[in-house]
Amino acid sequence: MRGKTGRSETEARMNHMALCVRFTLRDGAGEAFDELVREAAAEVLEHEPGTLVYACSEVEGAPNQRLFFELYADRAAFEEHGRQPHVRHFLSESRKHAEKTEIDHLRPYVGKYPTDSA
């Protein structure tokens, strides 16, 4: 199936970029960290059309863990995300609350994805 640009959905997905980020929070930092996340997520939703998924989760059974899954339309959208003031603020402030941050860069190749044809 071809989209507006003439590229197939599979071709478009091959250009997607994704991250899985795990934050290990300092004891007692969850509430402050979660407020930072809410603020950043609101800005991402409002101002970043190339950020297709920005999902932030608590980890069941691990109260000091937070897991993010981020999906970007392409590398340009990922780089634009990193330049945003709300992202820079989040990264700067989150260091106060997280004792460890682990980032996996992913290359999505199959799955169910949001589409712009809705």
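This briefing walks through the fold, the helix packing and a few individual residues.

The model is predicted, so local features need pLDDT of at least 70, side-chain atom pairs count only at pLDDT 80 or more, and totals for chains, interfaces and linings use all residues. Residues are numbered from 1 along each chain as its sequence is written, and side-chain values use heavy atoms, with hydrogens and water left out.

**Overall layout**

- The protein has four helices and four strands, and from the N terminus on they run α-β-α-β-β-α-α-β.
- Helices (H or I, at least four residues) and strands (E, at least two) are DSSP runs, numbered from the N terminus.
- Of the 118 residues, 35% count as buried; buried means under 20% relative accessible area, exposed over 50%, and partly exposed in between, using a 1.4 Å probe and protein chains only.
- Take the contacts with a separation of 6 or more: 73% of them are between residues 24 or more positions apart. Contact here means heavy atoms within 4.5 Å.

**Helix α3**

- Ala77, Phe78 and His81 are buried in α3, which spans residues 75-83. They sit on the same side of α3 because they cover an arc of only 100° around the axis; the arc is that of the directions from the helix axis to the C-beta atoms.
- The cover over those buried residues includes strands β1 (17-25), β2 (51-59), β3 (62-72) and β4 (98-106), plus helices α2 (30-47) and α4 (85-94).
- Where α3 starts, a side-chain oxygen of Asp74 comes to within 3.3 Å of the backbone nitrogen of Ala76.

**Helix α4**

- His86, Val87, Phe90 and Ser94 are the buried residues of α4. Their arc is only 100° around the axis, so they share the same side of α4.
- On the face of α4 turned away from that buried side you'll find the exposed residues Pro85 and Arg88.
- The buried residues of α4 pack against β1, α2, β3, α3 and β4.

**How the helices pack**

- Two packed helices are described by the angle between their axes and the distance between the axes. Axes are lines fitted to C-alpha atoms, for helices over the stretch in contact, and angles run from 0 to 180 degrees between N-to-C directions.
- The axes of α2 and α4 cross at roughly 170° and come within 9 Å. That angle is why α2 counts as roughly antiparallel to α4; the cut-offs are under 35 degrees for roughly parallel, over 145 for roughly antiparallel, 65 to 115 for roughly perpendicular, and oblique for the rest.
- From α2, the contact uses Phe33, Leu36, Val37, Ala40, Glu43 and Val44, and from α4 it uses His86, His89, Phe90, Glu93 and Ser94.
- By type, the residues of this α2 and α4 contact are six nonpolar, three polar and two charged. Ala, Val, Leu, Ile, Met, Phe, Trp, Tyr, Cys and Pro count as nonpolar, Asp, Glu, Lys and Arg as charged, and the others, Gly among them, as polar.
- α3 and α4 pack at about 65°, with their axes 5 Å apart. Here His81, Gly82 and Arg83 of α3 meet Pro85, Val87 and Arg88 of α4, a set of two nonpolar, two polar and two charged residues.

**Arg22 and Gln65**

- Arg22 is in strand β1 and Gln65 is in strand β3.
- Gln65 counts as buried because its relative accessibility is 14%, while Arg22, at 30%, counts as partly exposed.
- Their side chains are joined by a polar contact of 3.0 Å. A polar contact is a pair of N or O atoms within 3.5 Å; within protein, one must be able to donate a hydrogen and the other to accept it, and residues adjacent in sequence count only if both atoms are side-chain atoms.
- Neighbours within four places in sequence aside, Gln65 touches Arg22, Phe23, Thr24, Ser57, Glu58 and Val59.
- With the sequence neighbours within four places left out again, Arg22 is in contact with Val59, Gln65, Arg66, Leu67, Lys100, Thr101 and Glu102.
- Arg22 and Ile103 are 81 residues apart along the chain, with 6.5 Å between their C-alpha atoms.

**Two lysines**

- Lys100 is in strand β4 and is partly exposed at 44% relative accessible area.
- Beyond its neighbours within four places in sequence, Lys100 is in contact with Arg22, Phe23 and Thr24.
- Lys96 lies in the loop between α4 and β4, and it counts as exposed at 53% relative accessibility.
- Lys96 and Ala29 are 67 residues apart in sequence and 8.6 Å apart in space, C-alpha to C-alpha.
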